[in-house]
Amino acid sequence: MRQRPDRVELADAVLNGSRRALARALTLVETGGPPARALLGAVFPHTGRAHIVGLTGAPGVGKSTLATALALHWRRAGRTVGIVAVDPTSPFSGGAILGDRIRMQALSGDPGVFIRSMANRGRLGGIARATGDAVLLLDAAGFDVVLVETVGAGQDEVEIAAAAHTTIVIEIPGAGDDVQTIKAGILEIADLLVVNKADREGADVTVRQLRAMLNLSDLSGAGWTPPVLAAVAASGEGIEAIAAAAAHHLEYLRVSGRFADDTRKRAEYELRVALQETALERAQSDRAGWKTLVAQIASRAIDPYAAAEHLLNTPGNVAM
Amino acid sequence: MEHKIRVLVAKPGLDGHDRGAKVIARALRDAGMEVIYTGIQQTPEMIVEAALQEDVDVIGLSILSGAHMTLLPRVMQLLREQGMDDVLVVAGGIISDDDARVLKMQYGIAEVYGPGASTLEIARFIQERCATKA
Ligand SMILES: Nc1nc2c(ncn2[C@@H]2O[C@H](COP(=O)(O)OP(=O)(O)O)[C@@H](O)[C@H]2O)c(=O)[nH]1
Ligand SMILES: [Mg+2]
(Lines give C-alpha, C1' and ligand atoms only; values in the text may rest on other atoms or scores of the structure.)
(Ligands and ions follow the chains in the order given, each with its own letter.)
Protein backbone atom coordinates (compact mmCIF):
# COMPACT_ATOMS: atom_id res chain seq x y z
CA MET A 1 0.00 0.00 0.00
CA ARG A 2 3.04 2.27 0.24
CA GLN A 3 2.74 2.79 -3.50
CA ARG A 4 -0.75 4.15 -3.24
CA PRO A 5 -0.13 7.92 -3.35
CA ASP A 6 1.85 7.96 -6.60
CA ARG A 7 -0.59 5.50 -8.19
CA VAL A 8 -3.36 7.95 -7.42
CA GLU A 9 -1.23 10.70 -8.94
CA LEU A 10 -0.80 8.62 -12.09
CA ALA A 11 -4.55 7.97 -12.14
CA ASP A 12 -5.22 11.72 -11.88
CA ALA A 13 -2.89 12.40 -14.79
CA VAL A 14 -4.69 9.74 -16.86
CA LEU A 15 -8.06 11.26 -16.02
CA ASN A 16 -6.72 14.70 -16.95
CA GLY A 17 -5.79 13.47 -20.41
CA SER A 18 -2.00 13.10 -20.15
CA ARG A 19 -1.01 10.74 -22.95
CA ARG A 20 2.34 9.96 -21.35
CA ALA A 21 0.59 9.02 -18.09
CA LEU A 22 -1.87 6.86 -20.02
CA ALA A 23 1.00 5.06 -21.75
CA ARG A 24 2.73 4.47 -18.39
CA ALA A 25 -0.53 3.29 -16.84
CA LEU A 26 -1.03 0.80 -19.67
CA THR A 27 2.43 -0.65 -19.00
CA LEU A 28 1.62 -0.89 -15.31
CA VAL A 29 -1.60 -2.89 -15.86
CA GLU A 30 0.25 -5.19 -18.24
CA THR A 31 2.79 -5.91 -15.53
CA GLY A 32 -0.01 -6.39 -13.00
CA GLY A 33 0.26 -6.78 -9.24
CA PRO A 34 -0.83 -4.53 -6.36
CA PRO A 35 0.30 -1.18 -7.93
CA ALA A 36 -1.77 -1.96 -11.03
CA ARG A 37 -4.78 -2.77 -8.88
CA ALA A 38 -4.44 0.46 -6.93
CA LEU A 39 -4.36 2.40 -10.19
CA LEU A 40 -7.40 0.59 -11.58
CA GLY A 41 -9.24 1.20 -8.33
CA ALA A 42 -8.61 4.92 -8.68
CA VAL A 43 -9.83 5.19 -12.28
CA PHE A 44 -12.70 2.69 -12.02
CA PRO A 45 -15.36 5.22 -10.90
CA HIS A 46 -14.63 7.17 -14.10
CA THR A 47 -15.23 4.27 -16.47
CA GLY A 48 -18.35 2.98 -18.18
CA ARG A 49 -18.77 5.77 -20.71
CA ALA A 50 -17.02 4.44 -23.82
CA HIS A 51 -18.57 2.32 -26.53
CA ILE A 52 -16.35 -0.77 -26.54
CA VAL A 53 -16.14 -2.38 -29.96
CA GLY A 54 -14.34 -5.67 -30.65
CA LEU A 55 -12.90 -6.63 -34.04
CA THR A 56 -12.16 -10.28 -34.63
CA GLY A 57 -11.43 -12.54 -37.60
CA ALA A 58 -8.64 -14.66 -39.05
CA PRO A 59 -5.19 -13.14 -39.73
CA GLY A 60 -5.14 -11.00 -42.84
CA VAL A 61 -8.90 -10.43 -43.18
CA GLY A 62 -8.33 -6.73 -42.60
CA LYS A 63 -8.94 -6.11 -38.89
CA SER A 64 -6.28 -3.40 -38.56
CA THR A 65 -7.32 -1.78 -41.84
CA LEU A 66 -10.97 -1.76 -40.78
CA ALA A 67 -10.07 -0.41 -37.34
CA THR A 68 -8.27 2.46 -39.07
CA ALA A 69 -11.17 3.17 -41.45
CA LEU A 70 -13.69 3.14 -38.60
CA ALA A 71 -11.48 5.37 -36.45
CA LEU A 72 -11.13 7.87 -39.31
CA HIS A 73 -14.93 7.85 -39.71
CA TRP A 74 -15.53 8.45 -36.00
CA ARG A 75 -12.90 11.21 -35.92
CA ARG A 76 -14.69 13.01 -38.74
CA ALA A 77 -17.84 12.74 -36.61
CA GLY A 78 -15.96 14.42 -33.76
CA ARG A 79 -15.55 11.33 -31.58
CA THR A 80 -12.25 10.28 -30.03
CA VAL A 81 -10.95 6.73 -30.45
CA GLY A 82 -8.68 4.49 -28.38
CA ILE A 83 -7.36 1.29 -29.95
CA VAL A 84 -5.90 -1.82 -28.32
CA ALA A 85 -4.38 -4.18 -30.90
CA VAL A 86 -3.46 -7.65 -29.62
CA ASP A 87 -0.91 -9.92 -31.31
CA PRO A 88 0.43 -13.33 -30.30
CA THR A 89 3.45 -13.90 -28.08
CA SER A 90 5.97 -16.39 -29.45
CA PRO A 91 5.78 -19.52 -27.30
CA PHE A 92 9.47 -20.15 -27.98
CA SER A 93 11.05 -16.92 -26.84
CA GLY A 94 8.28 -15.11 -24.95
CA GLY A 95 8.86 -12.19 -27.30
CA ALA A 96 6.45 -10.81 -29.88
CA ILE A 97 6.28 -8.74 -33.04
CA LEU A 98 3.38 -6.33 -32.82
CA GLY A 99 2.72 -5.10 -36.34
CA ASP A 100 -0.77 -3.67 -36.37
CA ARG A 101 0.45 -0.06 -36.40
CA ILE A 102 1.79 -0.59 -39.93
CA ARG A 103 -1.81 -0.37 -41.18
CA MET A 104 -2.73 2.50 -38.87
CA GLN A 105 -0.41 5.20 -40.20
CA ALA A 106 -3.33 7.34 -41.36
CA LEU A 107 -4.20 7.91 -37.70
CA SER A 108 -0.81 9.25 -36.65
CA GLY A 109 -0.55 12.86 -35.55
CA ASP A 110 -4.16 12.94 -34.35
CA PRO A 111 -4.46 13.81 -30.65
CA GLY A 112 -7.97 12.32 -30.67
CA VAL A 113 -6.55 8.86 -31.25
CA PHE A 114 -4.42 6.65 -29.00
CA ILE A 115 -3.11 3.29 -30.21
CA ARG A 116 -1.57 0.64 -28.02
CA SER A 117 -0.14 -2.68 -29.20
CA MET A 118 -0.32 -5.58 -26.78
CA ALA A 119 1.14 -9.09 -26.80
CA ASN A 120 -1.22 -11.81 -25.58
CA ARG A 121 1.57 -13.28 -23.40
CA GLY A 122 0.32 -16.80 -23.93
CA ARG A 123 -3.30 -16.14 -22.99
CA LEU A 124 -5.84 -18.04 -25.13
CA GLY A 125 -9.12 -16.57 -26.27
CA GLY A 126 -7.91 -13.78 -28.55
CA ILE A 127 -7.06 -11.09 -26.01
CA ALA A 128 -4.42 -10.61 -23.31
CA ARG A 129 -4.98 -10.87 -19.57
CA ALA A 130 -4.60 -7.10 -19.33
CA THR A 131 -6.73 -6.16 -22.35
CA GLY A 132 -9.81 -5.55 -20.22
CA ASP A 133 -7.79 -3.34 -17.88
CA ALA A 134 -6.36 -1.44 -20.85
CA VAL A 135 -9.90 -0.80 -22.09
CA LEU A 136 -10.83 0.55 -18.64
CA LEU A 137 -7.88 2.97 -18.79
CA LEU A 138 -8.76 4.24 -22.28
CA ASP A 139 -12.39 4.59 -21.16
CA ALA A 140 -11.31 6.54 -18.07
CA ALA A 141 -9.04 8.74 -20.20
CA GLY A 142 -12.20 9.84 -22.01
CA PHE A 143 -12.07 8.11 -25.37
CA ASP A 144 -15.60 7.89 -26.82
CA VAL A 145 -14.98 4.63 -28.64
CA VAL A 146 -12.52 1.94 -27.61
CA LEU A 147 -11.67 -0.54 -30.37
CA VAL A 148 -10.11 -3.88 -29.53
CA GLU A 149 -8.45 -5.85 -32.32
CA THR A 150 -8.05 -9.50 -31.30
CA VAL A 151 -5.14 -11.80 -32.13
CA GLY A 152 -7.18 -13.48 -34.87
CA ALA A 153 -5.74 -16.92 -34.40
CA GLY A 154 -8.91 -18.32 -35.88
CA GLN A 155 -9.61 -20.26 -32.70
CA ASP A 156 -12.41 -19.57 -30.32
CA GLU A 157 -11.96 -15.91 -29.70
CA VAL A 158 -14.99 -15.73 -27.48
CA GLU A 159 -13.39 -13.60 -24.77
CA ILE A 160 -13.85 -10.48 -26.84
CA ALA A 161 -17.64 -10.87 -26.63
CA ALA A 162 -17.40 -10.62 -22.86
CA ALA A 163 -15.09 -7.60 -23.03
CA ALA A 164 -16.91 -5.56 -25.71
CA HIS A 165 -20.39 -4.12 -26.09
CA THR A 166 -20.40 -4.69 -29.85
CA THR A 167 -18.42 -7.49 -31.46
CA ILE A 168 -17.68 -7.27 -35.18
CA VAL A 169 -16.66 -10.52 -36.86
CA ILE A 170 -14.81 -10.09 -40.15
CA GLU A 171 -14.86 -12.62 -42.97
CA ILE A 172 -13.64 -12.34 -46.57
CA PRO A 173 -15.19 -13.48 -49.87
CA GLY A 174 -15.05 -17.21 -50.30
CA ALA A 175 -15.20 -17.89 -46.59
CA GLY A 176 -18.72 -19.26 -46.95
CA ASP A 177 -17.70 -21.85 -49.58
CA ASP A 178 -16.52 -24.10 -46.87
CA VAL A 179 -19.04 -23.94 -44.09
CA GLN A 180 -16.54 -25.63 -41.81
CA THR A 181 -14.31 -22.58 -41.90
CA ILE A 182 -17.00 -20.52 -40.26
CA LYS A 183 -17.38 -21.86 -36.80
CA ALA A 184 -20.75 -21.69 -35.14
CA GLY A 185 -19.06 -20.11 -32.14
CA ILE A 186 -17.83 -17.16 -34.14
CA LEU A 187 -21.36 -16.49 -35.43
CA GLU A 188 -22.67 -16.65 -31.89
CA ILE A 189 -20.40 -13.86 -30.70
CA ALA A 190 -21.06 -11.65 -33.76
CA ASP A 191 -23.25 -8.59 -33.25
CA LEU A 192 -22.20 -7.49 -36.72
CA LEU A 193 -20.70 -9.47 -39.58
CA VAL A 194 -18.51 -7.76 -42.14
CA VAL A 195 -17.46 -9.30 -45.43
CA ASN A 196 -14.31 -7.30 -46.06
CA LYS A 197 -12.33 -7.16 -49.32
CA ALA A 198 -15.61 -6.84 -51.20
CA ASP A 199 -13.52 -5.55 -54.11
CA ARG A 200 -12.75 -9.22 -54.68
CA GLU A 201 -15.00 -11.61 -56.47
CA GLY A 202 -17.74 -13.46 -54.63
CA ALA A 203 -18.48 -11.00 -51.83
CA ASP A 204 -22.22 -10.97 -52.52
CA VAL A 205 -22.32 -14.77 -52.43
CA THR A 206 -20.55 -14.80 -49.07
CA VAL A 207 -22.91 -12.15 -47.72
CA ARG A 208 -25.91 -14.25 -48.79
CA GLN A 209 -24.46 -17.44 -47.33
CA LEU A 210 -23.74 -15.77 -44.01
CA ARG A 211 -27.28 -14.38 -43.87
CA ALA A 212 -28.66 -17.84 -44.58
CA MET A 213 -26.52 -19.35 -41.84
CA LEU A 214 -27.72 -16.73 -39.37
CA ASN A 215 -31.33 -17.46 -40.29
CA LEU A 216 -30.82 -21.18 -39.84
CA SER A 217 -29.40 -20.76 -36.40
CA ASP A 218 -31.79 -19.63 -33.71
CA LEU A 219 -29.83 -16.44 -33.18
CA SER A 220 -32.38 -14.30 -34.98
CA GLY A 221 -34.94 -15.02 -32.27
CA ALA A 222 -32.80 -13.32 -29.66
CA GLY A 223 -34.07 -9.85 -30.51
CA TRP A 224 -31.06 -8.74 -32.52
CA THR A 225 -30.28 -10.21 -35.90
CA PRO A 226 -26.64 -9.48 -36.74
CA PRO A 227 -26.52 -7.49 -39.97
CA VAL A 228 -24.14 -8.80 -42.64
CA LEU A 229 -22.37 -5.92 -44.37
CA ALA A 230 -19.92 -5.83 -47.26
CA ALA A 231 -16.96 -3.47 -47.05
CA VAL A 232 -13.68 -2.48 -48.65
CA ALA A 233 -11.75 -1.35 -45.60
CA ALA A 234 -8.76 -0.39 -47.72
CA SER A 235 -10.76 2.29 -49.56
CA GLY A 236 -13.33 3.16 -46.90
CA GLU A 237 -16.26 1.71 -48.84
CA GLY A 238 -19.07 0.51 -46.60
CA ILE A 239 -17.52 1.94 -43.45
CA GLU A 240 -20.31 4.39 -42.77
CA ALA A 241 -22.86 1.56 -42.76
CA ILE A 242 -20.73 -0.43 -40.29
CA ALA A 243 -20.41 2.54 -37.95
CA ALA A 244 -24.15 3.12 -38.19
CA ALA A 245 -24.88 -0.54 -37.44
CA ALA A 246 -22.54 -0.41 -34.43
CA ALA A 247 -24.36 2.66 -33.11
CA HIS A 248 -27.68 0.97 -33.77
CA HIS A 249 -26.53 -2.09 -31.84
CA LEU A 250 -25.54 0.02 -28.82
CA GLU A 251 -28.95 1.66 -29.00
CA TYR A 252 -30.58 -1.78 -29.09
CA LEU A 253 -28.59 -2.87 -26.02
CA ARG A 254 -29.80 0.19 -24.12
CA VAL A 255 -33.47 0.02 -25.14
CA SER A 256 -33.81 -3.74 -24.66
CA GLY A 257 -32.29 -3.70 -21.21
CA ARG A 258 -29.48 -5.94 -22.39
CA PHE A 259 -26.96 -3.20 -21.71
CA ALA A 260 -27.63 -3.48 -18.00
CA ASP A 261 -27.55 -7.29 -18.22
CA ASP A 262 -24.27 -7.23 -20.12
CA THR A 263 -22.79 -4.73 -17.70
CA ARG A 264 -23.66 -7.06 -14.84
CA LYS A 265 -22.22 -10.02 -16.72
CA ARG A 266 -19.04 -8.08 -17.41
CA ALA A 267 -18.86 -7.07 -13.77
CA GLU A 268 -19.18 -10.71 -12.76
CA TYR A 269 -16.45 -11.70 -15.21
CA GLU A 270 -14.20 -8.93 -13.92
CA LEU A 271 -14.85 -10.01 -10.34
CA ARG A 272 -14.04 -13.61 -11.17
CA VAL A 273 -10.75 -12.70 -12.86
CA ALA A 274 -9.82 -10.28 -10.10
CA LEU A 275 -10.63 -12.82 -7.38
CA GLN A 276 -8.59 -15.57 -9.03
CA GLU A 277 -5.63 -13.28 -9.48
CA THR A 278 -5.78 -11.77 -6.03
CA ALA A 279 -6.30 -15.07 -4.25
CA LEU A 280 -3.49 -16.76 -6.13
CA GLU A 281 -1.12 -13.88 -5.55
CA ARG A 282 -1.82 -13.73 -1.82
CA ALA A 283 -1.65 -17.50 -1.46
CA GLN A 284 1.75 -17.50 -3.15
CA SER A 285 3.10 -14.54 -1.23
CA ASP A 286 4.38 -16.94 1.44
CA ARG A 287 6.74 -18.75 -0.95
CA ALA A 288 8.00 -21.19 1.66
CA GLY A 289 4.49 -22.16 2.76
CA TRP A 290 3.45 -22.56 -0.86
CA LYS A 291 6.41 -24.83 -1.61
CA THR A 292 5.73 -26.91 1.49
CA LEU A 293 2.11 -27.46 0.42
CA VAL A 294 3.20 -28.37 -3.12
CA ALA A 295 5.66 -30.92 -1.71
CA GLN A 296 2.98 -32.34 0.57
CA ILE A 297 0.60 -32.76 -2.34
CA ALA A 298 3.35 -34.42 -4.38
CA SER A 299 4.05 -36.90 -1.61
CA ARG A 300 0.32 -37.53 -1.16
CA ALA A 301 0.37 -36.20 2.39
CA ILE A 302 -2.46 -33.82 1.55
CA ASP A 303 -4.84 -33.51 -1.41
CA PRO A 304 -4.96 -30.33 -3.55
CA TYR A 305 -8.47 -29.37 -2.44
CA ALA A 306 -7.60 -29.59 1.23
CA ALA A 307 -4.47 -27.55 0.52
CA ALA A 308 -6.54 -24.89 -1.26
CA GLU A 309 -9.01 -24.79 1.65
CA HIS A 310 -6.10 -24.37 4.01
CA LEU A 311 -4.72 -21.44 1.99
CA LEU A 312 -8.10 -19.73 1.75
CA ASN A 313 -8.63 -20.12 5.49
CA THR A 314 -5.24 -18.61 6.31
CA PRO A 315 -5.92 -15.10 7.62
CA GLY A 316 -4.69 -12.41 5.26
CA ASN A 317 -4.79 -14.59 2.16
CA VAL A 318 -8.24 -13.74 0.95
CA ALA A 319 -9.66 -11.16 3.31
CA MET A 320 -9.58 -7.74 1.68
CA MET B 1 5.08 -10.20 -13.05
CA GLU B 2 8.27 -9.33 -14.88
CA HIS B 3 8.51 -6.34 -17.17
CA LYS B 4 9.12 -7.23 -20.80
CA ILE B 5 11.49 -4.99 -22.72
CA ARG B 6 9.43 -3.09 -25.31
CA VAL B 7 11.22 -1.91 -28.44
CA LEU B 8 9.94 0.27 -31.27
CA VAL B 9 11.58 -0.66 -34.57
CA ALA B 10 11.07 1.91 -37.29
CA LYS B 11 12.49 2.90 -40.59
CA PRO B 12 12.67 6.67 -41.02
CA GLY B 13 13.35 8.29 -44.35
CA LEU B 14 11.99 7.91 -47.81
CA ASP B 15 13.59 4.73 -49.12
CA GLY B 16 11.35 1.71 -49.15
CA HIS B 17 13.55 -1.22 -48.12
CA ASP B 18 12.86 -2.62 -44.70
CA ARG B 19 14.62 -5.97 -44.85
CA GLY B 20 17.20 -4.88 -42.26
CA ALA B 21 14.52 -3.54 -39.94
CA LYS B 22 12.57 -6.79 -40.17
CA VAL B 23 15.65 -8.90 -39.46
CA ILE B 24 16.40 -6.91 -36.32
CA ALA B 25 12.71 -7.01 -35.26
CA ARG B 26 12.73 -10.81 -35.47
CA ALA B 27 16.05 -11.09 -33.65
CA LEU B 28 14.80 -8.96 -30.76
CA ARG B 29 11.58 -10.98 -30.59
CA ASP B 30 13.66 -14.16 -30.45
CA ALA B 31 15.57 -12.58 -27.56
CA GLY B 32 12.25 -12.33 -25.68
CA MET B 33 11.41 -8.68 -26.34
CA GLU B 34 8.10 -7.19 -27.42
CA VAL B 35 8.79 -5.41 -30.69
CA ILE B 36 6.42 -2.82 -32.06
CA TYR B 37 7.09 -2.70 -35.76
CA THR B 38 5.81 0.43 -37.47
CA GLY B 39 7.10 0.00 -40.99
CA ILE B 40 8.76 2.22 -43.53
CA GLN B 41 8.83 5.94 -44.29
CA GLN B 42 8.32 7.10 -40.76
CA THR B 43 8.85 10.76 -39.92
CA PRO B 44 10.61 11.58 -36.63
CA GLU B 45 7.27 12.91 -35.37
CA MET B 46 5.51 9.61 -36.11
CA ILE B 47 8.30 7.64 -34.45
CA VAL B 48 8.25 9.64 -31.23
CA GLU B 49 4.45 9.65 -31.08
CA ALA B 50 4.36 5.85 -31.44
CA ALA B 51 7.15 5.46 -28.87
CA LEU B 52 5.17 7.57 -26.42
CA GLN B 53 1.90 5.66 -26.88
CA GLU B 54 3.66 2.31 -26.69
CA ASP B 55 5.76 3.38 -23.67
CA VAL B 56 8.82 1.67 -25.11
CA ASP B 57 12.15 1.25 -23.36
CA VAL B 58 14.09 1.28 -26.62
CA ILE B 59 13.84 2.74 -30.11
CA GLY B 60 15.72 0.95 -32.89
CA LEU B 61 16.07 2.93 -36.11
CA SER B 62 17.25 1.50 -39.39
CA ILE B 63 18.47 4.11 -41.84
CA LEU B 64 19.90 3.54 -45.28
CA SER B 65 18.84 6.75 -46.96
CA GLY B 66 21.90 8.73 -45.90
CA ALA B 67 19.75 11.30 -44.10
CA HIS B 68 20.79 10.04 -40.66
CA MET B 69 22.46 13.31 -39.66
CA THR B 70 19.14 15.15 -39.93
CA LEU B 71 16.64 12.41 -38.97
CA LEU B 72 18.38 11.04 -35.88
CA PRO B 73 19.09 14.39 -34.17
CA ARG B 74 15.46 15.35 -34.84
CA VAL B 75 14.21 12.16 -33.13
CA MET B 76 16.44 12.90 -30.13
CA GLN B 77 15.20 16.48 -29.95
CA LEU B 78 11.54 15.40 -30.02
CA LEU B 79 12.19 12.80 -27.32
CA ARG B 80 13.70 15.49 -25.10
CA GLU B 81 10.71 17.76 -25.72
CA GLN B 82 8.40 14.96 -24.56
CA GLY B 83 10.51 14.28 -21.47
CA MET B 84 11.43 10.89 -22.86
CA ASP B 85 15.20 11.22 -22.40
CA ASP B 86 15.29 7.85 -20.67
CA VAL B 87 14.43 5.97 -23.86
CA LEU B 88 17.45 4.11 -25.24
CA VAL B 89 17.98 4.85 -28.95
CA VAL B 90 20.09 2.64 -31.19
CA ALA B 91 20.63 3.10 -34.92
CA GLY B 92 21.66 0.80 -37.70
CA GLY B 93 22.60 1.40 -41.30
CA ILE B 94 25.37 2.73 -43.45
CA ILE B 95 26.82 5.39 -41.18
CA SER B 96 30.43 6.53 -41.28
CA ASP B 97 32.59 6.30 -38.16
CA ASP B 98 32.79 10.08 -37.98
CA ASP B 99 29.02 10.45 -38.13
CA ALA B 100 28.57 7.65 -35.62
CA ARG B 101 30.87 9.43 -33.18
CA VAL B 102 28.93 12.67 -33.50
CA LEU B 103 25.59 10.89 -33.12
CA LYS B 104 26.79 9.23 -29.94
CA MET B 105 28.75 12.06 -28.33
CA GLN B 106 26.66 15.00 -29.36
CA TYR B 107 23.14 13.67 -29.73
CA GLY B 108 22.96 10.81 -27.26
CA ILE B 109 22.38 7.87 -29.59
CA ALA B 110 23.40 4.90 -27.43
CA GLU B 111 24.98 2.79 -30.16
CA VAL B 112 25.41 2.75 -33.93
CA TYR B 113 25.60 -0.52 -35.87
CA GLY B 114 26.86 -1.14 -39.38
CA PRO B 115 25.25 -3.48 -41.90
CA GLY B 116 27.30 -6.47 -40.75
CA ALA B 117 26.52 -6.18 -37.06
CA SER B 118 25.51 -9.28 -35.16
CA THR B 119 21.86 -9.23 -34.15
CA LEU B 120 22.74 -11.25 -31.06
CA GLU B 121 25.17 -8.55 -30.03
CA ILE B 122 22.52 -5.85 -30.51
CA ALA B 123 20.03 -7.84 -28.40
CA ARG B 124 22.63 -8.34 -25.68
CA PHE B 125 23.50 -4.63 -25.66
CA ILE B 126 19.82 -3.70 -25.23
CA GLN B 127 19.30 -6.26 -22.48
CA GLU B 128 22.34 -5.06 -20.56
CA ARG B 129 21.42 -1.40 -20.82
CA CYS B 130 17.81 -2.04 -19.81
CA ALA B 131 18.91 -4.15 -16.86
CA THR B 132 21.14 -1.40 -15.46
CA LYS B 133 18.39 1.18 -15.97
CA ALA B 134 15.75 -0.76 -14.04
N1 LIG C 1 -8.24 -6.06 -51.55
C2 LIG C 1 -8.38 -5.64 -50.31
N3 LIG C 1 -7.36 -5.77 -49.44
C4 LIG C 1 -7.54 -5.34 -48.17
C5 LIG C 1 -8.74 -4.76 -47.73
N6 LIG C 1 -8.62 -4.46 -46.42
C7 LIG C 1 -7.38 -4.84 -46.05
N8 LIG C 1 -6.71 -5.37 -47.10
C9 LIG C 1 -5.33 -5.89 -47.11
O10 LIG C 1 -5.27 -7.11 -46.41
C11 LIG C 1 -4.00 -7.25 -45.77
C12 LIG C 1 -4.18 -7.56 -44.30
O13 LIG C 1 -4.79 -6.46 -43.67
P14 LIG C 1 -4.71 -6.21 -42.10
O15 LIG C 1 -5.58 -5.05 -41.78
O16 LIG C 1 -3.30 -6.16 -41.66
O17 LIG C 1 -5.38 -7.57 -41.55
P18 LIG C 1 -5.42 -8.18 -40.05
O19 LIG C 1 -4.31 -9.18 -39.97
O20 LIG C 1 -6.75 -8.84 -39.95
O21 LIG C 1 -5.27 -7.04 -39.11
C22 LIG C 1 -3.25 -5.97 -46.03
O23 LIG C 1 -2.38 -6.17 -47.11
C24 LIG C 1 -4.35 -4.98 -46.40
O25 LIG C 1 -3.89 -3.95 -47.23
C26 LIG C 1 -9.81 -4.61 -48.69
O27 LIG C 1 -10.89 -4.12 -48.39
N28 LIG C 1 -9.57 -5.07 -49.94
MG1 LIG D 1 -3.88 -6.68 -37.55
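Predicted model: local features only at pLDDT ≥ 70, side-chain atom pairs only at ≥ 80, totals over all residues.
1. A salt bridge here is a side-chain nitrogen of Lys or Arg lying within 4 Å of a carboxyl oxygen of Asp or Glu.

2. By the rule, seven salt bridges cross the interface of chain B and chain A. Polar contacts across the interface of the two chains amount to 21 residue pairs, both members being at pLDDT 80 or more.

3. On the chain B side, α1 (19-30), β2 (34-42) and α2 (44-54) each provide at least two of the residues that touch chain A. The most come from β2(B), which gives eight. By type, the residues on this side of chain B are 11 nonpolar, eight polar and 11 charged.

4. β2(B) also pairs with a strand of the partner chain: β3 of chain A (residues 96-98) runs parallel to β2(B), and three bridges join them. Within this pairing, B:I36 of β2(B) has A:L98 opposite.

5. As for extent, the contact involves 30 residues of chain B and 29 residues of chain A. The size of an interface is often expressed as the accessible area lost when the parts come together. For chain B and chain A, the buried area is about 2,500 Å², with 46% of it on carbon and sulfur atoms.

Notes
Residues numbered from 1 in each chain as written. Chains lettered and ligands numbered in written order. Heavy atoms only, no water. Contact = heavy atoms within 4.5 Å. Buried area = accessible area lost by both parts, 1.4 Å probe. Polar contact = N/O pair within 3.5 Å; in protein donor to acceptor, adjacent residues only side chain to side chain. Helix = DSSP H or I, 4+ residues; strand = E, 2+ residues; numbered from the N terminus. Nonpolar A, V, L, I, M, F, W, Y, C, P; charged D, E, K, R; others polar. Pairing = 2+ DSSP bridges.
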